[in-house]
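Welcome, and thanks for taking a look at this one with us. Please have the sequence and the 3D view side by side as you read the briefing below.

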Amino acid sequence: MSLRMPGPRRHKTTGVYYLRQRAPSDLKNLPLDGKVGIPVGNSIRTVKAGAIVKVSLDTKDPAEAKRRHREADAARAQRRSAQ
């Protein structure tokens, strides 16, 4: 069985792409309350930190969505490892 790599998810009706990531299983039981800043394009989005992080990538272009997803996911992972 193979696992799917994380990537941008397209909203069914609007066509806008999103970053949607779950917290790793070893962090599920920790309280993850608060806000997290995630870079998207030229701005930083503040989103609620919880079991799932979801933020709009503000694009309908698949290539741009992949680029923004890589940057946002790397920043999210870096913040997680710093904590």
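In what order do the three strands of the open sheet lie? The order is β1-β2-β5, with antiparallel pairing. Please keep in mind that this is a predicted model. Overall, the chain contains five strands and one helix, and along the sequence these elements follow the pattern β-β-β-β-β-α.

- Five bridges link β2 (residues 17-22) with β5, and the two pair in the antiparallel sense.
- As for rings facing rings, a search of the whole structure turns up zero aromatic pairs.

**The β3-β4 hairpin**
- Strand β3 (residues 35-40) runs antiparallel to strand β4 (residues 43-48), and six bridges join them.
- One of the positions to look at here is P39, which has I44 as its bridge partner in β4.
- Two residues sit between the strands of this hairpin, and G41 takes a positive phi near 65 degrees.

**The nonpolar core**
- The largest nonpolar core has 12 residues: Y17, L19, V36, I38, V40, V47, A49, V53, V55, L57, A65 and A72.
- At least two residues of this core come from each of β2, β3, β5 and α1 (62-82).
- β3 gives the largest share of the core, with three residues.
- As general background, nonpolar side chains in soluble globular proteins tend to be buried together.
- L57 is a handy place to start exploring: beyond its neighbours within four places in sequence, L57 is in contact with P8, Y17, Y18, L19, V40, A65, R68 and H69.

**The chain as a whole**
- How much of the chain counts as buried? The share is 33% of its 83 residues.
- The accessible surface of the chain is about 6200 Å², and carbon and sulfur atoms account for 49% of that surface.
- Taking contacts between residues at least 6 apart in sequence, 54% join residues at least 24 apart.

How values were computed. Residues are numbered from 1 along each chain as its sequence is written. This is a predicted model: local features need pLDDT of at least 70, side-chain atom pairs count only at pLDDT 80 or more; totals for chains, interfaces and linings use all residues. Side-chain values use heavy atoms; hydrogens and water are left out. Two strands pair if DSSP finds at least two bridges between them. Helices (H or I, at least four residues) and strands (E, at least two) are DSSP runs, numbered from the N terminus. Buried means under 20% relative accessible area, exposed over 50%, partly exposed in between (1.4 Å probe, protein chains only). Contact means heavy atoms within 4.5 Å. Accessible areas come from the Shrake-Rupley method with a 1.4 Å probe; for residues, only the protein chains shown count as cover. Rings of Phe, Tyr and Trp (its six-membered ring) pair if their centres lie within 6.5 Å; planes under 30 degrees apart count as stacked, over 60 as edge-to-face and the rest as tilted. A nonpolar core is a set of buried Ala, Val, Leu, Ile, Met, Phe, Trp, Tyr and Cys residues joined through side-chain atoms within 4.5 Å.
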